[in-house]
Amino acid sequence: MKRLIIGISGASGASLGYKFIQALPKELEKYCVITKGAKKVLQNEEREGFHLLKQIENLEILDNEDLGACISSGSFVCEAMAIIPCSQNTLAKISCGICDSLLSRAASVMLKEQRKLLLAVREMPLSAIVLENMLKLARLNVIIAPPILGYYAGKNLEEIEELLIGKWCDSLGIPSNYKRWQS
């Protein structure tokens, strides 16, 4: 894999998107779109906040309002996209084909081009509408991968988050070294 788009939408767990980016291989070209809501959540959940993303090597941060950015076109070859976390609002937009932001447009392009798209859907409980949106997208080969905890992964939140990040990397074909299930 050479290029990856990472979207961070405004759901609790926005810090997981940030930590996912930190865990990615340095040589991977990374294009990140962060919604306004996600920026607010990052400030609340991650003490260092949004500004630390600018220090990550080989990462380009794109403006969610810029519908003409490189990732909004199918001619921009990108192997995969992950939205971590994916809010219910973002899920609904993608499911219905609404392209009113760079994040939803890039996801629509991934669907159109039949490229890998992973959604770490957040919030609970899940309503019937959310479940229908997830099912609709899963039938289109979208990887629905909510941040569901694997308690065997460790004794603290950081170790459990490493499991989530590792499983997302596995789903996208990105090499990762994390504590896997051992019987």
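The largest pocket holds about 250 Å³ of space, a volume being the space filled by probe spheres set on grid points that are joined across faces, edges and corners. Of the 14 residues that line this pocket, Gly13, Leu16, Leu149, Leu157 and Glu161 are the closest to its centre. The model is a predicted one, in which local features need pLDDT of at least 70 and side-chain atom pairs count only at pLDDT 80 or more, whereas totals for chains, interfaces and linings use all residues. Residues are numbered from 1 along each chain as its sequence is written, and side-chain values use heavy atoms, with hydrogens and water left out.

**Pocket and cavity**

- On a 1 Å grid over the protein atoms alone, a pocket is an open set of points with protein on both sides within 12 Å along at least five of seven lines, a cavity is a set where a 1.4 Å probe fits but cannot get out, and lining residues have an atom within 4 Å of a point.
- H6 gives the largest share of the lining of the largest pocket, four residues, and H1 and H6 each supply at least two residues of that lining.
- By class, the lining of the largest pocket has six nonpolar, three polar and five charged residues, where Ala, Val, Leu, Ile, Met, Phe, Trp, Tyr, Cys and Pro count as nonpolar, Asp, Glu, Lys and Arg as charged, and the others, Gly among them, as polar.
- A search of the whole structure finds one cavity of 30 Å³ or more, and the largest cavity contains about 30 Å³ of space.
- The largest cavity is lined by Ile5, Ile71, Ser73, Phe76, Cys78, Val109, Met110 and Arg115, a set that divides into six nonpolar, one polar and one charged.

**The sheet**

- Six strands form an open sheet with parallel pairing, in the order S3-S2-S1-S4-S5-S6; the edge strands, each pairing on one side only, are S3 (59-62) and S6 (143-144).
- Helices (H or I, at least four residues) and strands (E, at least two) are DSSP runs numbered from the N terminus, and two strands pair if DSSP finds at least two bridges between them.
- S1 and S2 run parallel and are joined by six bridges; Arg3 stands opposite Glu29 in S2, and Leu4 has Lys30 as its bridge partner in S2.
- Lys30 also has a bridge partner in S3, namely Leu59, and strand S2 (residues 29-34) pairs with S3 in the parallel sense over four bridges.
- S1 is mostly covered, with five of its six residues buried, and S2 likewise has five of its six residues buried, where buried means under 20% relative accessible area, exposed over 50%, and partly exposed in between (1.4 Å probe, protein chains only).
- Ile61 is found in strand S3 and is partly exposed, because its relative accessible area is 30%; Ile61 and Cys32 are 29 residues apart in sequence and 4.8 Å apart in space, C-alpha to C-alpha.

**Helix H1**

- Helix H1 (residues 14-23) lies across S1 (3-8), S2, S3 and S4 (80-86), running at about 160° to S1, with axes fitted as lines to C-alpha atoms, for helices over the stretch in contact, and angles running from 0 to 180 degrees between N-to-C directions.
- Seven of the 10 residues of H1 are buried, and these are Ala14, Ser15, Leu16, Gly17, Tyr18, Phe20 and Ile21.
- The buried residues of H1 pack against S1, S2, H2 (36-45), S3, S4 and H6 (157-172), contact meaning heavy atoms within 4.5 Å.
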